[in-house]
Amino acid sequence: MLRYIYANDLHNHPKLARTMFEDRADQFKTRLGWDVDIDAKGQEKDSYDRLNPLYVIWEQPDGSHGGSMRFLPTTGPVMVNDVFGHLTGGTTISSPLIWECTRFCLSRKAGSNVAAALMLAGGEIMNGFGVRHFVGVFDARMVRIYRLIGSSPEVLGSDGEGRDKISVGLWAFSPEAKAQIARRAGISPELSKLWFSRAFGASMRQQFAMTA
């Protein structure tokens, strides 16, 4: 199932949190060879995890992490401006209607539907919080994944060639895209909405739906 958890509340989900940060270390350090810091517990965390981001996490039946993404409003510190500004020619991306999505991570034991499920959750965040776009940096391996899911971004800038190419992209979320992603995830739109409402409450969804 999909969980929506702020960093300040991760202590209420110790197994889910621990395995998420362990899987991040496995993906970004072990498998991809990124220059990221791994702590003594074998977990990958950075300074943005201390800013109380919102995590979307796919929880496996045993309570462990299957996949996740991290969200922060671009009105505060975000990686696309602080670290990857060269990809946009130094243009700062800052708007209450644009959130940054980072640390897209899939566990080795994740099912084939988990990536699409996370994208579906992103659509719920857009609808629920009145967000118009997500922005994020991605590498060449993700292009095919986004295309298969049905959620390819508008590319704002790139650097590098081949497998080393990295880009910054902007995602929107149309009703047509949501339907396609839901089919890919094998999750009904009704169930997706239910998981979001359980996390934030139906009243908050209705409030933002009226102003979106």
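Predicted model: local features only at pLDDT ≥ 70, side-chain atom pairs only at ≥ 80, totals over all residues.
Q: At what angle do H3 and H4 pack, and how far apart are their axes?
A: Two packed helices are described by the angle between their axes and the distance between the axes. For H3 and H4, the axes lie 10 Å apart and the packing angle is about 70°. Angles of 65 to 115 degrees count as roughly perpendicular, and H3 and H4 are therefore roughly perpendicular to each other, at an angle of about 70° and an axis distance of 10 Å.

Q: Which residues of H4 make the contact with H3?
A: By class, the contact of H3 with H4 has six nonpolar residues, with no polar and no charged ones. On the H3 side the contact is made by Ala115, Ala116 and Met119, and on the H4 side by Ile145, Tyr146 and Ile149.

Q: Which residues of H4 are buried, and which are exposed on the other side?
A: Helix H4 spans residues 141-149, and Met142, Tyr146 and Ile149 are buried in it. These three cover an arc of only 65° around the axis, which puts them on the same side of H4. On the other side of H4, the exposed residues are Arg144 and Arg147.

Q: Which residues touch the most other members of the largest nonpolar core?
A: The largest nonpolar core has 35 residues, and its largest share, eleven residues, comes from H3. Leu2 touches residues including Ala117, Leu118 and Ala121, as well as Trp195. The members that touch the most others are Leu2, Phe71 and Ile125.

Technical notes. Residues numbered from 1 in each chain as written. Heavy atoms only, no water. Buried < 20%, exposed > 50% of the residue type's maximum accessible area, 1.4 Å probe, protein only. Helix = DSSP H or I, 4+ residues; strand = E, 2+ residues; numbered from the N terminus. Arc of directions from axis to C-beta. Core = buried A, V, L, I, M, F, W, Y, C linked by side-chain atoms within 4.5 Å. Contact = heavy atoms within 4.5 Å. Axes fitted to C-alpha atoms, helices over the stretch in contact; angles between N-to-C directions. Parallel < 35°, antiparallel > 145°, perpendicular 65-115°, else oblique. Nonpolar A, V, L, I, M, F, W, Y, C, P; charged D, E, K, R; others polar. Lists of a residue's contacts leave out its neighbours within four places in sequence.
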